[in-house]
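This report goes through selected local and chain-level features of the structure shown below. Headings mark the topics.

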Amino acid sequence: MEASLRAHRPAALLIFAFLSLIAVSSSAAQEIQILNAERRIDLSSQVAIVFLTLKVENTGKAAASDVILAFPPTEADHLAEVKAQAASGKKRKKTYAHLIVEPTDVPDAPNGAKGFRVALLNPLSPGETSTIEVLYMLTHSMEPFPAEISQSDPQLVYYRDSAYILSPYRIKQQTTFIKTPSTNVQSFSRVEPTNRASMELKYGPYEDLPAYSYAPVLVHFENNNPFAVVEELVREVEISHWGNLQITEHYTLAHGGAKLKGVFSRVEYQSRPSASGVSSFKNLLARLPPRVHSVYYRDEIGNISSSRLRTDSRKSELEIEPRYPLFGGWKSTFIIGYGLPLEDFLFESTDGKRYLNFTFGCPLSGTVVDKLTVKVVLPEGSKDPTAIIPFPVEEHMETKYSYLDVVGRPVLVLEKKNVVPEHNIPFQVYYSFNPIFMLAEPLMLVSTVFFLFASCVAYLHIDISIRKG
Amino acid sequence: MASKPVTAPVPITWYPTLAVFMLSIGLLITASFFIYEATSSRKTRSLPKELTTGALASFFLGFGSLFLLLASGVYV
């Protein structure tokens, strides 16, 4: 790679000079170079959390307004969240400014790499440097190997990545640190210089690598942290203007790690908990808002009593224990429901519209949701629902017929795939509602009862006897 | 933007009390309606009086059953 570059260097310089004379507009590839890149990959849980610090320099003639990040196509499919912030200031007094990240097309990327554009706060003038920090999360990127283990085996997984950070720009110096949850690392690929110190693997520092360099590495390590995957979650939020918000959540929970082969021995599981079923999990914690009432946890069989609810003034914690511990490949379906006071979540904005402020995302901590559907059921007579959500979701409308409904309640359905706990942030649903529609329900009851009285009066007044005329 | 929280039109703590009172008043008026029907003959009956008693009874019974539903947790 280096030898061929040296041979082409004079030709490349000529072409670069030619191009700069023509003064190409800034829509052409911006000339950015990364001076220093540091990547820290945390593999402690089932979600790979990658923290990237890039020191970017503008080597072109035009001001650069954004930086493009590249991901291999397999990684891009598992990306749950990409966040970026710009760091400024010295060590102790760093200030962070949030940057907008959007997926973008990178037409000349080799092997179908996907790109994300990070919009810089102030355009970077030629010769200037800036530091940006990117955080991204990958789900389902640890493959259990061996794929099937017995009850007493620990769980070992593969993690595949590249020793070189994939980037559309040249990187002058880069280092990658991989943190494993335990000291048991079966094997790891070496791309010199590589070092290992107890729970951290260090790949690098690598000097002066061209754009889109990639060196695949494989790390085989032990990860016994619970691989709790919610395959499908349907959350229904029903708004009642009489003072209550009713949430019903339908879960399909699975263990996403190495499958259990052989028999499950309850005796061995309970007598030697430190050696048996180390990768299984038996309880989960759901973080609910404060002032929650009427919490229930049941499945198709009936109520599941193995749960604990602890409330205080700032939060409520529901600890649930499914009917059986979950081993690899096992599933459990259940329903959690609870009610919340309306005034904590429904507000009236200045233009007369009402809006619901609620958290998107699964309340179970430490879980990855493959497909999340949030259905916001608005009261009968609501019009023009719109949703404001910080990340992209798919929306459509439905109708639900519930208690005392005539025309049905409009339901705004929001769907998202690959949800991690970072998505537990508030979103808003705006709608307009005329308070007079609230009278529709009692008036329906009144008119039903009056119909009974009127039929009584009619019966007593009508003469249906047969008489001689 | 200081947003005003939306609260229920009637304080929630009143729901059980309202349910009991409205239902009992409604049942009293229903009783008076049926007593009137039973004690009057075809000639002395007056339709407007029957209908007003019926309307008043249905108003109280309707609202009372709404508050009964709300008080028992069925937030309609």
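## Cis peptide bonds and basis of the report

P146(A) sits in the loop between β8 and β9 (148–149) of chain A, where helices (H or I, at least four residues) and strands (E, at least two) are DSSP runs numbered from the N terminus. The peptide bond leading from F145(A) into P146(A) is cis, with omega near 10 degrees. A cis bond also joins G204(A) to P205(A), with omega near -5 degrees; P205(A) belongs to strand β14 (residues 200–209) of chain A.

The model is predicted, so local features need pLDDT of at least 70 and side-chain atom pairs count only at pLDDT 80 or more, while totals for chains, interfaces and linings use all residues. Residues are numbered from 1 along each chain as its sequence is written, chains are lettered from A and ligands numbered from 1 in the order in which they are written, and side-chain values use heavy atoms, with hydrogens and water left out.

## Sheet β8-β10-β15-β12

Strands β8, β10, β15 and β12 of chain A form, in that order, an open sheet with antiparallel pairing. Two strands are taken as paired if DSSP finds at least two bridges between them. β8 (142–144) and β12 (185–188) of chain A are the edge strands, each with a single partner, so one side of each has no neighbour in the sheet. Neighbouring strands here are turned against each other by 20 degrees on average, direction ignored; the axes are lines fitted to C-alpha atoms, for helices over the stretch in contact, and angles run from 0 to 180 degrees between N-to-C directions.

Strands of a sheet pair through backbone hydrogen bonds, either parallel or antiparallel. Between β8(A) and β10 (residues 156–162) of chain A, the antiparallel pairing runs over three bridges. P144(A) has V157(A) as its bridge partner in β10(A).

## Salt bridges

A salt bridge is counted when a side-chain nitrogen of Lys or Arg lies within 4 Å of a carboxyl oxygen of Asp or Glu. Over all chains the count is 23. One of them joins R160(A) and E143(A), whose closest N and O atoms are 2.7 Å apart. R160(A) is in strand β10 of chain A and E143(A) in strand β8 of chain A, so this pair ties together parts that are 17 residues apart in sequence. R160(A) is partly exposed at 47% relative accessible area, and E143(A) is partly exposed at 36%; the classes are buried under 20%, exposed over 50% and partly exposed in between (1.4 Å probe, protein chains only).

K315(A) and D312(A) form another salt bridge, with 3.4 Å between the closest N and O atoms. K315(A) is partly exposed, with 32% relative accessibility, and D312(A) is partly exposed, with 37%. In chain B, R45(B) and E37(B) meet in a salt bridge at 3.6 Å, N to O, and both of these residues are buried. A network of salt bridges links E236(A), E238(A), K400(A), D405(A) and R409(A).

## Positive phi angles

Which phi does Y212(A) have, although it is not a glycine? The value is positive, about 60 degrees. Y212(A) lies in the loop between β14 and β15 (216–222) of chain A and is buried, with a relative accessible area of 18%.

N418(A), also not a glycine, has a positive phi of about 65 degrees. N418(A) is found in strand β29 (residues 409–419) of chain A and is buried at 12% relative accessible area.

## Nonpolar surface patch

I436(A), F437(A), L439(A) and L443(A) make up a nonpolar patch on the surface, with about 370 Å² of accessible area together. Patch members have over 30% relative accessible area and no salt bridge; like charges are joined within 9 Å, and nonpolar side chains (Val, Leu, Ile, Met, Phe, Trp, Tyr) within 5 Å. Accessible areas come from the Shrake-Rupley method with a 1.4 Å probe, and for residues only the protein chains shown count as cover.

I436(A) is located in the loop between β30 (426–432) and α4 (440–461) of chain A. With 57% relative accessibility, I436(A) counts as exposed.

## Chain B

Chain B contains two helices and one strand, in the pattern β-α-α along the sequence. Its radius of gyration is 18 Å, well over the 11 Å from the globule rule for 76 residues, so chain B is more spread out than a compact globule. The radius is taken over C-alpha atoms, and the rule is 2.2 Å times the number of residues to the power 0.38.

The C-alpha trace of chain B spans about 65 × 25 × 15 Å along its principal axes. Of the 76 residues in chain B, 38% are buried.
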